[in-house]
Amino acid sequence: MSDTARMLRVDQAGEYGATRIYAGQLAVMGDRAPHAGEIAHMAEQEAVHRAKFDALIAQRGVRPTALQPVWGVAGYALGAATALIGPKAAMACTAAIETEIDRHYTQQLEELGDTDPELADMIREFRDDERAHKEAAIAAGAEQAPAYPLLSGAIRLGCRLAIRLSERI
């Protein structure tokens, strides 16, 4: 499998996982909880990202990760669990994941160079959105969540593991 195909596979899986995390959070928080409007907006952006990656992997004949059903359940559960802890924990989840996705997309852009301008432009655009999500989460009190360092570290580790597995399976 080419490096570009691997990138598309993992990025589509990540955007799918993000939509599931936000779905889990919104299922618990509803539309009246603190920052529910911001979360709904982020969820809409992630759905757009996913749709664009869905289209690109179909166009280029790349098989999605076989772990997608696992990421669907895991993402929803992570979103619901962090929302159950509270709105700041939900934002801590976003901040942790977006930290890893920013790092991941930046590495991909370095790897791509100028070899695939279409993919690089998408990744750059989505990375900017993810950075804005992280900034919004921090501004909404992510770092004040209960046990923030532990929660953030565990989520970041899980995110890195999901990236590695999705690249390969």
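Trainee: How many salt bridges does a search of the whole structure find?

Mentor: The search finds 15 salt bridges. Keep in mind that this is a predicted model.

Trainee: What makes R6 and E167 a salt bridge?

Mentor: Their side chains come to 3.2 Å, N to O.

Trainee: Let's turn to E100. Why is E100 called buried?

Mentor: Set the value against the limit. Buried means under 20% relative accessible area, and E100 is at 0%, so E100 counts as buried.

Trainee: What makes E100 and R103 a salt bridge?

Mentor: Their closest N and O atoms are 2.7 Å apart, and the pair passes because the limit is 4 Å.

Trainee: How do you know that about one helical turn separates E100 and R103?

Mentor: The two are 3 residues apart in helix α4, so about one helical turn lies between them.

Trainee: Is R103 buried or partly exposed?

Mentor: R103 has 32% relative accessibility, so R103 counts as partly exposed. That class runs between the 20% limit for buried and the 50% limit for exposed.

Trainee: Which salt bridge joins E100 and R156, and what is the N to O distance?

Mentor: The side chains of E100 and R156 meet at 2.5 Å, N to O. This pair links distant parts of the chain, with E100 in helix α4 and R156 in helix α6, 56 residues apart. R156 is at 28% relative accessibility, so R156 counts as partly exposed.

Trainee: Now the surface. Which residues make the nonpolar patch?

Mentor: L161, L165 and I169 make a nonpolar surface patch of about 240 Å². I169 lies in the segment after α6.

Trainee: Why is I169 called partly exposed?

Mentor: The relative accessible area of I169 is 37%, so I169 is partly exposed. To join a patch, a residue needs over 30%, and the 37% of I169 is the value to set against that limit.

Trainee: How do you know that L56 is buried?

Mentor: L56 lies in helix α2. Its relative accessibility is 2%, so L56 counts as buried, because the limit is under 20%. L56 and L8 are 48 residues apart in sequence, and their C-alpha atoms are 7.8 Å apart in space.

Trainee: What makes the phi of A147 worth a remark?

Mentor: Phi of A147 is near 55°, a positive value in a residue other than glycine. You will find A147 in the loop between α5 and α6.

Trainee: Last topic: how much space lies in the largest pocket, and which residues lie nearest its centre?

Mentor: About 520 Å³ of space lies in the largest pocket. Its lining has 30 residues, of which G14, G17, I21, C159 and A162 lie nearest the centre. The elements giving two or more residues to that lining are α1, α3, α4 and α6. The largest share, 9 residues, comes from α1.

Trainee: Which classes of residue line the largest pocket?

Mentor: The lining has 18 nonpolar, 7 polar and 5 charged residues.

Definitions and conventions
Residues numbered from 1 in each chain as written. Predicted model: local features only at pLDDT ≥ 70, side-chain atom pairs only at ≥ 80, totals over all residues. Heavy atoms only, no water. 1 Å grid on protein atoms, 1.4 Å probe; cavity = no way out; pocket = protein on both sides within 12 Å on 5 of 7 lines; lining within 4 Å. Points joined across faces, edges and corners; volume = space filled by probe spheres on them. Helix = DSSP H or I, 4+ residues; strand = E, 2+ residues; numbered from the N terminus. Nonpolar A, V, L, I, M, F, W, Y, C, P; charged D, E, K, R; others polar. Patch = residues over 30% accessible without salt bridge, like charges linked within 9 Å, V, L, I, M, F, W, Y side chains within 5 Å. Areas by Shrake-Rupley, 256 points an atom, 1.4 Å probe, with all protein chains shown as cover. Buried < 20%, exposed > 50% of the residue type's maximum accessible area, 1.4 Å probe, protein only.
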